[in-house]
Amino acid sequence: MYYCGIDLGGTKVYSIIIDQDGNILGKHKVKTKYKSDFNKIFERIVLCYNELIQKSNIKNKDIKAIGIGVPSSVKVNKGILIHAPNLDIKNIDIAEKLIKEFNKPVYADNDGNLGLYGEHHYGKAKSYKSIYGIFVGTGIGGAYILNNEIIRGKNFTAGEIGHMILEINGPKCGCGRKGCFEAIAGKVGIINYMKKLVKKDNVQTLLDKYEANWKNNIGSSILKELYQKNDQAVVKALTRASKVIGIACANIINITGVDAILLGGGLINDMAKDLLPVIKKFMIKYSIGDGANNVKLLLSGLKDNAVAYGAAKFVSLNENKKFLLF
Ligand SMILES: [Zn+2]
């Protein structure tokens, strides 16, 4: 028997198939450019699944259940996506739509929750009872696992660290509020800050030369290359983001006293060596007392597979339990 995990992101759908032992048997990615039109986004999810099973030579009937991670809080008992600002969609009964399409059990959850769940069942994060995950990509996802349970909170919104306000009247966030963590340190926040540096402060940059479309989107690999070339716009923006990520880590320690914080997501996966020293410095600086002592700062072991793997792993371990809808 096999299990499929799907990671619905801001610009792509990524899916993987695992077996009962958690071995990854196939992966597939399709791009999405749709916002605010869930039917279009859903077509891409279906396409990604169908192409994945075809290319992995696995029959649809052998996939026992599907898990999906979405960039939103999710009412996991009903499979309803609450609000995904980066996709501009709200109140979508995503599990029901998937069940209708594929006729098998489905579980939908926040991508940060499933990313951390995946890491917790896979790599270095395994041995920690209390661990917080921060995933820096287009936006910023978060998750908290305590005593092997994902903490979802009273209304399923726990762990949404991307929308922790870190600057009163700060930059506008996709969620409609101002000064959220992800509006400062997520990819969109970093791009907006670089735009300001170039336009208002006349900071010199090679961004136009390396990526003509950088004001809309830029790959972490290009940011890394320019950072290492000491491009001032990129260095300033990424240093600012790293400081803020470090402060967010300190806030987490001050609130929860976790044993470990795991950092993942595209930007961290590609640039950990460059960014980690600043993140660590600010984490220690802003933790109260010696709160950060022996708190491990871990890097993702699953990298881009984390959310899809966590989604597949969750359904493989939770068959017949309350959260698996059908
Ligand atoms: Zn926000």
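**Strand pairing, domains and overall dimensions**

Strand β6 (residues 80-84) pairs with β7 in the antiparallel sense, over 3 bridges. Ala84 has Ile89 of β7 as its bridge partner. The model that shows this pairing is predicted. Both strands belong to an open sheet of 3 strands, with the order β5-β6-β7 and antiparallel pairing. β5 and β7 (89-92) are the edge strands, and each pairs on one side only. From one strand to the next, the twist averages 20°.

Strand β2 (residues 12-19) and strand β3 (residues 24-31) run antiparallel and are joined by 7 bridges. The hairpin leaves 4 residues between β2 and β3. In the turn, Gly22 has a positive phi of about 90°.

Parallel pairing involves strand β4 (residues 63-70). Strand β1 (residues 2-8) runs parallel to β4, and 6 bridges join the two. Within this pair, Tyr3 has Ala65 of β4 as its bridge partner. β4 is also joined to strand β8 (residues 106-110), through 5 bridges and again in the parallel sense. Here the bridge partner of Gly67 is Tyr107 in β8. Strand β4 has 7 of its 8 residues buried, so the rest of the structure largely encloses it.

The protein as a whole contains 10 helices and 13 strands. Its radius of gyration is 19 Å, close to the 20 Å given by the globule rule for 326 residues, so the protein is as compact as a globular protein of that length. Taken along the principal axes, the C-alpha atoms fill a box of roughly 55 × 45 × 30 Å. Buried residues make up 47% of the 326. Among contacts with a separation of 6 or more, 67% come from residues 24 or more positions apart.

The chain is divided into two domains. Domain 1 covers 2-116 + 304-317, and domain 2 covers 127-300. Taken over C-alpha atoms, the centres of domain 1 and domain 2 are separated by 24 Å. Domain 1 contributes 18 residues to the contact, and domain 2 contributes 22 residues. On the side of domain 1 that touches domain 2, the elements giving two or more residues are β5 (73-75) and α3 (111-120). Of these, α3 gives the most, with 5 residues. By class, this side of domain 1 holds 6 nonpolar, 9 polar and 3 charged residues.

Asn202 lies in the loop between α5 (187-199) and α6 (207-210). Asn202 counts as exposed because it has 8 C-beta neighbours inside 10 Å, where the cut-off for exposure is 12 or fewer. Asn202 and Pro105 are 97 residues apart along the chain. Their C-alpha atoms are separated by 54 Å.

Notes
Residues are numbered from 1 along each chain as its sequence is written. This is a predicted model: local features need pLDDT of at least 70, side-chain atom pairs count only at pLDDT 80 or more; totals for chains, interfaces and linings use all residues. Domain bounds come from an automatic or database domain assignment. Two residues are in contact if their C-beta atoms, placed from the backbone, lie within 7 Å. Ala, Val, Leu, Ile, Met, Phe, Trp, Tyr, Cys and Pro count as nonpolar, Asp, Glu, Lys and Arg as charged, and the others, Gly among them, as polar. The radius of gyration is taken over C-alpha atoms; the globule rule is 2.2 Å times the number of residues to the power 0.38. A residue is buried if 20 or more other C-beta atoms lie within 10 Å of its own, exposed if 12 or fewer, and partly exposed in between; C-beta atoms are placed from the backbone. Two strands pair if DSSP finds at least two bridges between them. Axes are lines fitted to C-alpha atoms, for helices over the stretch in contact, and angles run from 0 to 180 degrees between N-to-C directions.
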